[in-house]
Amino acid sequence: MEFFERPEAQFIIGVAVAIAAAGAAAYYYSSKKPKVCLDPDRFKEFKLVKRTQISHNVAKFRFELPTPTSVLGLPIGQHISCRGKDSQGEEVVKAYTPTTLDSDVGYFELVIKMYPQGRMSHHFREMREGDYLAVKGPKGRFKYQPGQVRAFGMLAGGSGITPMFQVARAILENPDDKTKVHLIYANVTYEDILLKEQLDGLAANYPDRFKIYYVLNQPPEVWSGGVGFVSKEMIQTHCPAPASDIQILRCGPPPMNKAMAAHLEALGYTPEMQFQF
């Protein structure tokens with residue numbers, strides 16, 4: 001017992017206990033760190049656990065991650081590659097942006113508009129709960145850091161809303177990010193508007209930071225939004241003016257992207273102020 005009664009012995013034991021405690025704490029917190037599931041080099045399969053039909057050609061697909069605390073590991077504004085088979089049984093790969101963030105642990109969701117002739121649309125039409133989807137990523141050139149611009153203008157058409165929704169959600173749900181978001185969202189009919197309930201929820205919850213203006217080519221009889229195609233005048237009215245600390249994001253069908261690029265150039269937005277998903 002004499003050794004344990006010496007001051008130097010007590011010091012050694014104290015240090016050993018401290019090291020053990022630190023190691024245990026490090027193990028505990030590392031084990032609590034969410035597991036990132038995406039792999040940029042190979043496809044991984046995720047189980048479809050819930051399919052919700054939103055309209056005749058739009059559905060929401062929820063995929064399960066390996067554990068309840070797993071995260072997909074997708075940076076804000078980037079996308080994933082999904083692999084499937086078309087109606088001829090041939091392999092097809094297409095990029096999609098989840099509507100969920102890494103704050104949504106244990107799962108990720110895709111809102112998919114399925115077009116009659118779409119090759120990947122066929123795969124999603126055929127998917128049933130319990131099936132698996134092959135996914136690889138992250139992919140994309142867009143990189144976002146909170147506060148990198150004063151405001152975003154967003155020009156979206158059809159299913160091009162999904163990356164905009166993801167970026168807007170990440171900004172607005174971060175209490176330390178003061179960036180403002182101005183979204184113009186164009187569709188053919190009212191029924192074509194994707195994520196409308198969620199978008200209106202963002203507008204209601206963050207009225208000082210998020211503004212949305214809907215544009216319809218074929219509006220209903222009672223309609224207070226824009227009519228026709230997105231014009232230069234709409235962009236001037238509903239997006240931040242050209243400045244070094246703003247950026248305009250655009251994502252839609254190719255004809256819309258081309259028209260928006262021409263409008264933005266005419267309005268004085270430089271290439272550095274623009275990004276196309």
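A pocket is here an open set of grid points at which a 1.4 Å probe fits, with protein on both sides within 12 Å along at least five of seven lines. In this predicted model, the largest pocket holds about 960 Å³ of space. Its lining comprises 42 residues, among which G157, S159, G160, G252 and P253 are the closest to the centre of the pocket. Two or more lining residues come from each of strand 4 (91-96), strand 5 (107-113), helix 4 (161-172), strand 8, helix 7 (254-267) and strand 12 (274-276), and helix 7 makes the greatest contribution, with seven residues. When the lining of the largest pocket is divided by class, 21 residues are nonpolar, 17 are polar and four are charged. Because domain 1 (44-139) and domain 2 (151-271) both give residues to this lining, the largest pocket lies between them.

The second largest pocket has a volume of about 220 Å³ and is lined by 13 residues, with I54, L195, K196, E197 and Q198 lying nearest its centre. At least two residues of this lining are supplied by each of strand 1 (44-55), strand 2 (58-64) and helix 5, while domain 1 (44-139) and domain 2 (151-271) each provide at least three. The class composition of the lining of the second largest pocket is six nonpolar, three polar and four charged residues.

Two features of the backbone were also examined. Most residues other than glycine have a negative phi, and most peptide bonds are trans. L195, one of the residues nearest the centre of the second largest pocket, has a positive phi, near 60 degrees, although L195 is not a glycine. This residue is placed in the loop that runs between strand 8 (180-187) and helix 5 (196-205). With a relative accessible area of 9%, L195 is classed as buried, since the cut-off for that class is under 20%.

Note on methods. Residues are numbered from 1 along each chain as its sequence is written. This is a predicted model: local features need pLDDT of at least 70, side-chain atom pairs count only at pLDDT 80 or more; totals for chains, interfaces and linings use all residues. Side-chain values use heavy atoms; hydrogens and water are left out. Helices (H or I, at least four residues) and strands (E, at least two) are DSSP runs, numbered from the N terminus. Buried means under 20% relative accessible area, exposed over 50%, partly exposed in between (1.4 Å probe, protein chains only). On a 1 Å grid over the protein atoms alone, a cavity is a set of points where a 1.4 Å probe fits but cannot get out, and a pocket is an open set with protein on both sides within 12 Å along at least five of seven lines; lining residues have an atom within 4 Å of a point. Grid points are joined across faces, edges and corners, and a volume is the space filled by probe spheres set on the points. Ala, Val, Leu, Ile, Met, Phe, Trp, Tyr, Cys and Pro count as nonpolar, Asp, Glu, Lys and Arg as charged, and the others, Gly among them, as polar. Domain bounds come from an automatic or database domain assignment.
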